[in-house]
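Subject: Structure handover

Hello,

Here is the structure you asked for. My notes on it follow below.

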Amino acid sequence: MLNIDLHCHSNVSDGLLPPAEVAMRAAANGVHALALTDHDDVGGLAEAAAAASAAGMAFIPGVEISVTWRGKTVHIVGLRIDPTHPALVAGLADIRQGRVARARRMGEDLAMSGIAGAYEGAYEYAANKQMVGRTHFARWLVAQGLVADVRSAFRRYLTPGNPGYVEHEWTSLENAVGWIRASGGTAVIAHPGRYPFDHRETHLLLDAFRALGGEGIEVITGSHHPSEYGKWADLARAFGLKASRGADFHAPGEGIDIGRLPALPHWCQPVWQNWPELESQLSLNVA
Ligand code: AMP
Ligand code: MN
Ligand code: MN
Ligand code: MN
């Protein structure tokens, strides 16, 4: 069986490792096909692709786009995208511009609750200065000794109802799916179990996403508890969506490692079915 991981981050967004190191780590973990899916930026794809090729691993160009749907943040992964497509490039540039202003507001919010210098601190932690996000604030809060770890930073700060969380309007679901499709890619809803939606809203999201041309949802992800895998596999099937698998790796020691998740439930239709990139891996695997 092929080990396929279609969701991870480099330091081009909020991961800790440079793109080439992410690819080398995936290869060392036995991954046959990897997608790098940095938040709102495709700047790491060329470097990761070169490292993947040197390691004999198939590489899928990807991205994870921040979306606001019904007032809540939803992440849409694009797979097999063309990172040079003008509509995608322009759309992502807009989102990144919004991020910098948001980070300043997050810093002001934390300052109001007595934590000074957070924006400058988080900015230092961001390798890509356009991509400063909550994870960089979390790592800075840990380094200040204000919280024990990144998880606690999100629990006490940076999440709705806590200091450091500011409302932000990302792009629309329609835009994100549209850009991905325009660039030849496949749109997948990231970690669907992580959103604060009830059954009705979840069904509305899956319907709306499919109507826009979205094709899959993540079933096996580091964000789902194993007890949830079956439920999302069933929903994918019920809504005519394919299934994806990805660890959502960010850093060694933070969450699940690349390529270390269980296989898709056998009744799922994999999103990678018939992808030409996987043929060489299949023949190598059989040989
Ligand atoms: P942003 O796009 O700046 O809002 O940051 C979102 C990122 O923060 C996600 O992609 C995760 O990497 C991270 N994140 C969100 N919630 C948590 C959490 N509860 N614990 C750890 N990391 C989180
Ligand atoms: Mn992230
Ligand atoms: Mn995400
Ligand atoms: Mn992610």
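First, a term: a residue is buried under 20% relative accessible area, exposed over 50% and partly exposed in between, with a 1.4 Å probe and protein chains only. This is a predicted model, in which local features need pLDDT of at least 70, side-chain atom pairs count only at pLDDT 80 or more, and totals for chains, interfaces and linings use all residues. Residues are numbered from 1 along each chain as its sequence is written, chains are lettered from A and ligands numbered from 1 in the order in which they are written, and side-chain values use heavy atoms, with hydrogens and water left out. Helices (H or I, at least four residues) and strands (E, at least two) are DSSP runs, numbered from the N terminus.

Metal site

Four residues coordinate the manganese ion (ligand 4): His7 (NE2), His9 (NE2), Glu64 (OE) and Asp248 (OD). The distances are 2.0 to 2.3 Å. Donors are N, O and S atoms within 2.8 Å of the metal (3.2 Å for Na, K and Ca); water is not among the atoms, so sites may look incomplete. The spacing of the donor residues in sequence is H-x1-H-x54-E-x183-D. Histidine 9 lies in the loop between β1 (4–5) and α1 (19–28), and aspartate 248 in the loop between β7 (242–246) and α10 (279–286), so the pair ties together parts that are 239 residues apart in sequence. Both ends are covered: histidine 9 is buried at a relative accessible area of 0%, and aspartate 248 is buried at 11%. The manganese ion (ligand 2) is 4.5 Å from the manganese ion (ligand 4).

Aromatic pairs

The whole structure holds 3 aromatic pairs. Rings of Phe, Tyr and Trp (its six-membered ring) pair if their centres lie within 6.5 Å; planes under 30 degrees apart count as stacked, over 60 as edge-to-face and the rest as tilted. One pair is tryptophan 69 with phenylalanine 197: the centres are 5.3 Å apart and the planes at 85°, so this pair is edge-to-face. Tryptophan 69 lies in strand β3 and phenylalanine 197 in the loop between β5 (186–189) and α8 (199–211), so the pair ties together parts that are 128 residues apart in sequence. Tryptophan 69 is buried at 11% relative accessibility. Phenylalanine 197 is buried too, at 12%. Another pair is tyrosine 119 with tyrosine 123: the centres are 5.7 Å apart and the planes at 40°, so the pair is tilted.

Trp69 and Phe197 form one aromatic cluster with Tyr195. Arginine 70 lies over the face of tryptophan 69, 5.5 Å from the ring centre. For such a charge, NZ of Lys or CZ of Arg must be within 6 Å of the ring centre and within 35 degrees of the ring normal.

Helix α4

Tyrosine 119 and tyrosine 123 both lie in helix α4, 4 residues apart, about one turn of the helix. Tyrosine 119 is buried, at 14%. Tyrosine 123 is partly exposed, at 31%. The charged end of lysine 129 sits over the ring of tyrosine 123, 5.0 Å from its centre.

Which residues of helix α4 (residues 118–125) are buried? They are Ala118, Tyr119, Gly121 and Ala122. These cover an arc of only 160° around the axis, which puts them on the same side of α4. The arc is that of the directions from the helix axis to the C-beta atoms. Glu120 and Glu124 are exposed on the other side. The cover over the buried residues includes α3 (86–112) and α5 (134–143). Contact means heavy atoms within 4.5 Å.

Nonpolar cores

A nonpolar core is a set of buried Ala, Val, Leu, Ile, Met, Phe, Trp, Tyr and Cys residues joined through side-chain atoms within 4.5 Å. The largest has 71 residues. Leu6, Leu34, Ile65, Ile76, Leu79 and Val219 have the most contacts inside it. Strand β3 (residues 58–69) gives the largest share of this core, 7 residues. Apart from it lies another core of 19 residues, including Trp140 and Val147.

Backbone

Two phi values are worth a look. Aspartate 40 has a positive phi, near 55°, and lies in the loop between β2 (33–36) and α2 (45–54). Aspartate 40 is buried, at 0% relative accessibility. Arginine 80 has a positive phi near 60°, in the loop between β4 (72–79) and α3. Arginine 80 is partly exposed, at 27%. Most residues other than glycine have a negative phi.

Best wishes
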